[in-house]
Amino acid sequence: MAGRVIVITSGKGGVGKTTTTANVGMALAQLGRRVVLIDADIGLRNLDVVLGLENRIVYDLVHVAEGSCRLRQALIRDKRCDTLFLLPAAQTRDKEAVAPEQMRKITADLAEEFDYVLVDSPAGIERGFKNAIAGASEALIVTTPEVSAVRDADRIIGLLEAAELHEPRLILNRVRLDMVRRGDMMNMDDVLEILAIKPIGIIPDDESIIVSTNRGEPVALDPHSRAGQAYREIARRLEGEDLPLVPPQATDGWIGRLRRFIGLQSR
Amino acid sequence: MTVLQLLQRLWGKESERPSKEQAKERLRLVLVHDRAGVTPDRVLPLLKDELIAVISKYMDIDESGLDVTLSTEDSQMALVASIPIRGLRQRL
């Protein structure tokens, strides 16, 4: 049976598509699935550094599309998890170097061998986005609880519908529970009142994301990180598990709760 | 949180609406525009023609003076139609 091809997209830049792709991919691989991640952001590749695999790149997506190497040769095996692979983007080319038809072929070939093919889409709604969604049969939309990001997510929902990619699912990223609590940040419920979409995960704003990206170690591998836990839960939901959708709480004990109660602690 | 904010909270001065409600309201409004096929100037002429057809069945209206626009006042979007009537039609 062929694997699932899932595009991770957002419209707006900087909301966490690449981090999400790396971590959901890593979490799925940790569950024993065979996973390949495609960096479709040609010219601005980043998935390699988030995964800490930047020193291993020889061939890339454009080489594969142009036939100057075999698909197998361009795949980089993750150093921590041997069922996770990366197909990196080219850094010195642009989005026009690959056509949607070629992406369809590459993702279909990979789906023969892998359980999951995750495509990290570039920001925007132009050629790079069209390439990224070309071979996908499912979509995850990443947004943050900000007016600009939610607006762009709405546009993406419309474009995916037009491309016959039905039932995308929403990841709400960088949620700050302290701000939600005092009514200064939209939570998942608020966003779902506005967007016609089903949710699949809430990622708390977590410093461990920055630290793990600094190190090139996906946070999904960190058992103590709340964001890591949220990514692992998304992976299990993709696998069909029915987990309650609540953001992982800070485990800060009664002093933290007291400080928060009297408003002395920001989170 | 500063001491001042803490005091304000204790005295119940934080009567301002939570900012997320403003965010949701502004989003709803902007998405009506976004979803309406990008621009209202494609929808409005069609709507205008159909309005004329319907209203003309019952009233004699001045088509040249007819004005249909979208207005956004008080954070609500409204369809505003100004239709000068010359006279009522005799219904059979």
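Accessible areas here come from the Shrake-Rupley method with a 1.4 Å probe, and for residues only the protein chains shown count as cover. This is a predicted model, so local features need pLDDT of at least 70 and side-chain atom pairs count only at pLDDT 80 or more, while totals for chains, interfaces and linings use all residues. Residues are numbered from 1 along each chain as its sequence is written, chains are lettered from A and ligands numbered from 1 in the order in which they are written, and side-chain values use heavy atoms, with hydrogens and water left out.

**View 1. Chain B, end to end.** Chain B exposes about 7,200 Å², with carbon and sulfur atoms supplying 54% of it. Count its elements and you get 3 helices and 4 strands, laid out from the N terminus as α-α-α-β-β-β-β. Helices (H or I, at least four residues) and strands (E, at least two) are DSSP runs, numbered from the N terminus. Of the 92 residues in chain B, 14% are buried, where buried means under 20% relative accessible area, exposed over 50% and partly exposed in between (1.4 Å probe, protein chains only). Taking contacts (heavy atoms within 4.5 Å) between residues at least 6 apart in sequence, 45% join residues at least 24 apart.

**View 2. The open sheet of chain A.** Here 8 strands of chain A line up as β3-β4-β2-β5-β1-β6-β7-β8, with mixed pairing. The edges belong to β3 (76-77) and β8 (198-204) of chain A, and each has a single partner strand, so one side of each lacks a neighbour in the sheet. Two strands pair if DSSP finds at least two bridges between them. For instance, β2 (residues 35-39) and β4 (residues 84-87) of chain A pair in the parallel sense over 4 bridges, and I38(A) has L87(A) as its bridge partner in β4(A).

**View 3. Strand β5(A) and its neighbours.** 5 of the 5 residues of β5(A) are buried, so this strand is largely enclosed by the rest of the structure. Y116(A), L118(A) and D120(A) cover one side, V117(A) and V119(A) the other, and all are buried. β1(A) pairs with β5(A) in the parallel sense over 5 bridges, and I8(A) sits opposite D120(A). β2(A) also runs parallel to β5(A), joined by 5 bridges, with I38(A) opposite V119(A).

**View 4. Helices lying across the sheet.** Helix α1 (residues 17-30) of chain A lies across β1 (4-9), β2, β4, β5 (116-120), β6 (138-143) and β7 (169-175) of chain A, at about 170 degrees to β5(A). Helix α7 (residues 147-162) of chain A lies across β1 and β6 of chain A, at about 165 degrees to β6(A). Axes are lines fitted to C-alpha atoms, for helices over the stretch in contact, and angles run from 0 to 180 degrees between N-to-C directions.

**View 5. Where α1(A) meets α11(A).** The axes of α1(A) and helix α11 (residues 226-238) of chain A come within 8 Å and cross at roughly 65 degrees. On the α1(A) side the contact involves T19(A), T20(A), N23(A), V24(A), A27(A) and L28(A), and on the α11(A) side Y231(A), R232(A), I234(A), A235(A) and L238(A).

**View 6. Helix α6(A), mostly covered.** In helix α6 (residues 127-134) of chain A, 6 of its 8 residues are buried. Those are G128(A), F129(A), N131(A), A132(A), I133(A) and A134(A), and they pack against β1, α5 (100-113), β5 and α7 of chain A.
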